[in-house]
2 protein chains.
Amino acid sequence: MEIVAGIDIGGTKTKIGLVNKSGECLVKTNFRTKEYPDLEKYLDKVKLSIDELTEKLSSDMDLLGIGIGAPNASSRLGTIEHASNLLWKGTVPLVAKLRERIDVPIKITNDANVAAIGEMLFGNAKGMSDFVVITLGTGLGSGIVSNGKLVDGYDGFAGELGHFAIMPEDGRMTGLQVKGGLEAYVSATGLKRTVLYMLSKYMEDSRFRNIAFNDLHGEEITQAAEEGDFIALKTYEYTGEILGKALANFTTFSQPEAFFLVGGLALSGKWIFDPAKKHMEENLLQVYKGKVKLLPSGMLNKTAAVSGAAALIWSDFT
Amino acid sequence: MEIVAGIDIGGTKTKIGLVNKSGECLVKTNFRTKEYPDLEKYLDKVKLSIDELTEKLSSDMDLLGIGIGAPNASSRLGTIEHASNLLWKGTVPLVAKLRERIDVPIKITNDANVAAIGEMLFGNAKGMSDFVVITLGTGLGSGIVSNGKLVDGYDGFAGELGHFAIMPEDGRMTGLQVKGGLEAYVSATGLKRTVLYMLSKYMEDSRFRNIAFNDLHGEEITQAAEEGDFIALKTYEYTGEILGKALANFTTFSQPEAFFLVGGLALSGKWIFDPAKKHMEENLLQVYKGKVKLLPSGMLNKTAAVSGAAALIWSDFT
């Protein structure tokens with residue numbers, strides 16, 4: 001049986017799974033990334049984990065390759081560069097060093113690109129050759145597919161739409177000091193910042209008048225919206241409007257068939273999708289109107305990151 | 001000898017040439033587009049022109065195909081749609097109807113995409129697989145190349161960066177009613193609008209206090225800048241700053257190796273390139289700094305549009 005290993009390198013956990021051609025993760029394991037501050041020992045642990053997983057499968061296995069999703073990864077160079085939530089500093093030649101241990105094709109790219117390739121092979125973007133995946137976590141990531149291929153850019157760092165300055169004049173600062181960067185508005189953190197902004201702007205009562213910024217959680221904002229909390233409703237309207245206008249603008253670049261929203265904020269469903277759809281459609285150029293879809297991910301299961309990483313390799317075999 | 005016909009359909013003139021593998025236009029002709037309001041008669045004239053050009057060449061010719069650049073062209077559908085400066089209204093199935101007359105591969109795309117493919121095959125983007133061409137004429141067009149292929153989009157209308165709303169809050173209106181659209185600032189028309197804006201903002205004397213908007217021309221603004229005219233200098237600084245910031249933002253999308261500036265405004269040289277380079281570099285994310293070039297076109301000759309159109313076909317044979 002042919003199989004691909006998918007690896008999701010996160011600041012907290014490293015998840016590894018063996019994934020078949022349909023995107024199903026047959027066996028999986030994980031360990032704590034931070035227990036391996038030494039890169040060589042980390043990669044030994046990765047090799048050991050893959051060997052152990054292989055043995056668990058009864059039938060004979062042909063490991064076609066290894067796909068890896070990681071923060072700040074360069075697909076072109078096979079490196080991780082200056083990832084703030086990982087212990088290895090500087091430029092880490094991860095692909096080259098893993099290949100010394102396992103001699104199969106190895107590919108790496110960032111989390112949002114993994115989400116895009118996973119969506120194309122195994123999710124809701126099947127059959128599409130032009131689409132964009134927007135990942136909404138602490139920040140905002142993006143994976144762009146054009147002509148059926150990932151848009152990598154000159155050295156593999158394309159698709160950083162979270163840092164597009166959409167409010168250049170009086171905008172919020174992002175963590176990378178981009179004034180008015182999109183992720184300062186549209187992300188879990190952006191949503192919380194907007195709750196504060198709305199509390200400052202309006203006098204209406206709200207449950208959020210009793211909660212400090214650091215105690216705020218996205219799920220609670222969704223729940224408050226369900227209950228009709230004025231500030232929560234204003235917060236989602238504002239966030240969806242900014243997202244919708246940004247997507248309309250991004251359409252002038254690659255004219256995607258669809259945008260997919262992935263991650264925590266996307267799970268709030270209609271609260272983000274409805275205003276985003278409305279303002280996207282209103283702001284699209286005439287030639288694009290009615291042609292751009294805004295869709296949820298088709299990878300809403302626990303192994304999305306691992307299956308997506310494996311898709312980096314599977315996409316070369318289909 | 002193998003040859004490709006390149007056609008540049010403009011509102012005023014239609015230019016046709018036979019182009020060899022090196023991008024040289026061996027023979028050419030042109031006629032007035034507006035003399036053929038009937039599409040069928042226009043296409044008969046196109047066929048006749050190609051036949052006449054073919055006869056002019058002494059050696060035996062193998063016509064590999066026809067490449068066409070036209071406003072509002074969809075590469076995916078082979079159509080021209082709602083082009084405001086052409087007489088044929090609605091959706092024009094140009095490729096299908098021309099193929100009834102000449103049975104060779106025929107491709108069409110818009111002017112900016114033609115510029116991009118021409119630059120890649122015959123100009124300064126040779127060997128690059130990720131770059132963006134910005135055409136600065138009456139408006140602003142763009143042709144985006146990623147992974148060595150034109151970014152077409154879902155139905156062939158990608159790359160409309162002139163309509164990206166870069167000043168959403170108190171911006172100028174474009175001809176398509178986009179508030180704060182880039183081409184309202186960065187284009188021949190945008191430059192003239194900025195002259196008026198600077199005349200309104202400052203009290204300094206300027207030759208432009210004696211010239212009406214409709215009498216203003218780009219070359220004169222460049223000449224005034226050379227002579228140290230305060231308003232002209234402010235105008236170029238402002239235009240270059242807006243362009244530079246926009247290019248820094250666009251880099252988050254496809255991380256091009258280079259942006260190329262093409263067309264009238266690009267001919268003003270340092271007046272637009274210097275401030276644009278400065279503000280692009282200042283506003284690039286750390287991961288992109290020092291990696292993005294801003295370059296002039298390598299297609300600065302009269303047959304650029306015809307050779308670029310032919311490159312649509314030649315790119316399939318190289």
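I began with A:I7 and found its bridge partner in β4(A) to be A:I68. This is a predicted model, so I note the limits: local features need pLDDT of at least 70, side-chain atom pairs count only at pLDDT 80 or more, and totals for chains, interfaces and linings use all residues. Residues are numbered from 1 along each chain as its sequence is written, while chains are lettered from A and ligands numbered from 1 in the order in which they are written.

Next I followed strand β1 of chain A, residues 2-9. For strands and helices I rely on DSSP runs, numbered from the N terminus (E, at least two residues, for strands; H or I, at least four, for helices). Strand β1(A) runs parallel to β4(A), residues 62-69, with seven bridges between them; two strands pair if DSSP finds at least two bridges. With β2(A), residues 13-19, strand β1(A) pairs in the antiparallel sense over six bridges. There I saw A:D8 opposite A:K15. Three residues separate β1(A) and β2(A), and the two strands form a hairpin.

Is β1(A) mostly covered or uncovered? I found seven of its eight residues buried (20 or more other C-beta atoms within 10 Å of a residue's own, with C-beta atoms placed from the backbone).

Then I stepped back to chain A as a whole. I noted eight helices and 13 strands in chain A, and buried residues make up 52% of its 318 residues. The C-alpha trace of chain A spans about 65 × 45 × 35 Å along its principal axes.

Over to chain B, where I looked at an open sheet of five strands. The order is β11-β10-β9-β12-β13, and the pairing is mixed. Strands β11 (149-150) and β13 (293-296) of chain B are at the edges with a single partner strand each, so one side of each has no neighbour in the sheet. Inside this sheet, β9(B) (131-136) and β12(B) (258-262) run parallel and are joined by five bridges. I also noted B:T135 opposite B:V262 in β12(B).

Last, I checked where the chains touch. I found 32 residues of chain B in contact with 32 residues of chain A (C-beta atoms, placed from the backbone, within 7 Å). On the chain B side, β10 (140-146) and α6 (230-254) each supply at least two residues, and α6(B) gives the largest share, five residues.

Notes
A residue is buried if 20 or more other C-beta atoms lie within 10 Å of its own, exposed if 12 or fewer, and partly exposed in between; C-beta atoms are placed from the backbone. Two residues are in contact if their C-beta atoms, placed from the backbone, lie within 7 Å.
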